[in-house]
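Thanks for coming. Please have the structure open.

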Amino acid sequence: AINQLKNLPSKPAATHLWFMYALITIYILSPLLKKLMDSMTENLARYMFAVWAVFGALLPTAAFFARPGYRALLSLDPSYNLNIMNGYLGYFLFGYLFFKSDIRFSKRSLLCILTADTLFIALGTWLATTRIGQYTEMYKGYTRAFVFVLSIAAFLLAKEAFTGRRLSKKAGPAVKFLSAVSFGVYLVHNLLVNFISQKINLYPAGSVHVLFCCYFAALFVSIVFIVLLASIKPVCFLFTGLTYDFAGKSCNIPFLVKKIRGG
């Protein structure tokens with residue numbers, strides 16, 4: 001673990017931490033981005049969205065699937081320097097814009113788009129993997145147009161389904177608890193998966209039952225581990241990202257004891 005942490009600035013310490021590097025850059029830029037978004041007109045926001053969609057998702061997808069002789073027509077030289085409109089920055093900015101927007105969307109239409117796109121990605125991945133002879137993510141890359149559409153549909157569907165609704169007294173604390181431990185669970189779960197894979201063959205798993213049993217085992221142990229760390233004040237924030245006061249209102253042992261006693 002220490003050897004991996006030493007390499008954090010230059011390369012990902014673990015496969016599942018890839019998105020942390022994108023987040024670090026976005027968070028560093030967030031004060032500037034906030035000022036940009038606050039002063040942006042609706043037409044300018046649409047223009048920025050179009051630029052990111054075309055150069056960050058549509059063109060790279062088209063170039064990837066084009067025949068070798070035509071890829072040059074769909075690929076931009078790095079000297080164009082449009083990096084700020086590539087990658088994951090668009091998800092960050094337009095998630096905010098879509099959240100603030102008053103435009104309403106049909107839940108049925110969004111669900112149809114979500115289902116159709118998911119099936120398309122799954123079927124395309126299966127066919128491509130079968131044709132190539134090894135697993136490929138050519139259909140499910142996070143900046144591919146297919147996942148771009150899927151992400152927008154999922155986000156808008158969640159917004160339409162839950163905006164203005166209040167959770168029940170039982171569901172509210174449960175969602176708050178899972179929300180509080182989710183980041184810590186994500187950070188630690190890969191260690192448990194690696195440990196389990198040393199005892200049980202998971203790549204590939206022997207059966208669907210084995211896969212699901214290992215999944216729930218890793219999930220349960222991860223949650224317990226984060227709850228324990230959130231209950232130790234000196235290390236709570238360091239290992240969970242939660243202040244001890246917030247953990248005491250959402251996910252640590254004193255909080256759970258209080259809930260069990262009906263407090």
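Leaving aside residues up to four places away in sequence, S250 touches K176, F177, A180 and F255. Keep in mind that this is a predicted model. S250 itself sits in a loop, with helix 11 (244-247) on one side and helix 12 (253-260) on the other. Is S250 buried or exposed? Its relative accessible area is 0%, and the cut-off for buried is under 20%, so S250 counts as buried.

The largest pocket has a volume of about 850 Å³. Two or more lining residues come from each of helix 1 (2-6), helix 2 (18-38), helix 8 (171-199), helix 9 (208-230) and helix 10 (233-240). Which of them gives the most? That is helix 8, with 6 residues. The lining of the largest pocket has 23 residues in total, and those nearest its centre are L5, A13, L17, L187 and L191. Sorted by class, 17 of the lining residues are nonpolar and 6 are polar, and there are no charged ones.

Last, confidence. The average pLDDT over the chain is 85, and 97% of the residues score at least 70. Among the elements, helix 6, residues 107-132, has the highest mean pLDDT, at 93. The lowest mean, 73, belongs to helix 1.

Key: Residues numbered from 1 in each chain as written. Predicted model: local features only at pLDDT ≥ 70, side-chain atom pairs only at ≥ 80, totals over all residues. Heavy atoms only, no water. 1 Å grid on protein atoms, 1.4 Å probe; cavity = no way out; pocket = protein on both sides within 12 Å on 5 of 7 lines; lining within 4 Å. Points joined across faces, edges and corners; volume = space filled by probe spheres on them. Helix = DSSP H or I, 4+ residues; strand = E, 2+ residues; numbered from the N terminus. Nonpolar A, V, L, I, M, F, W, Y, C, P; charged D, E, K, R; others polar. pLDDT = per-residue confidence, 0-100. Buried < 20%, exposed > 50% of the residue type's maximum accessible area, 1.4 Å probe, protein only. Contact = heavy atoms within 4.5 Å.
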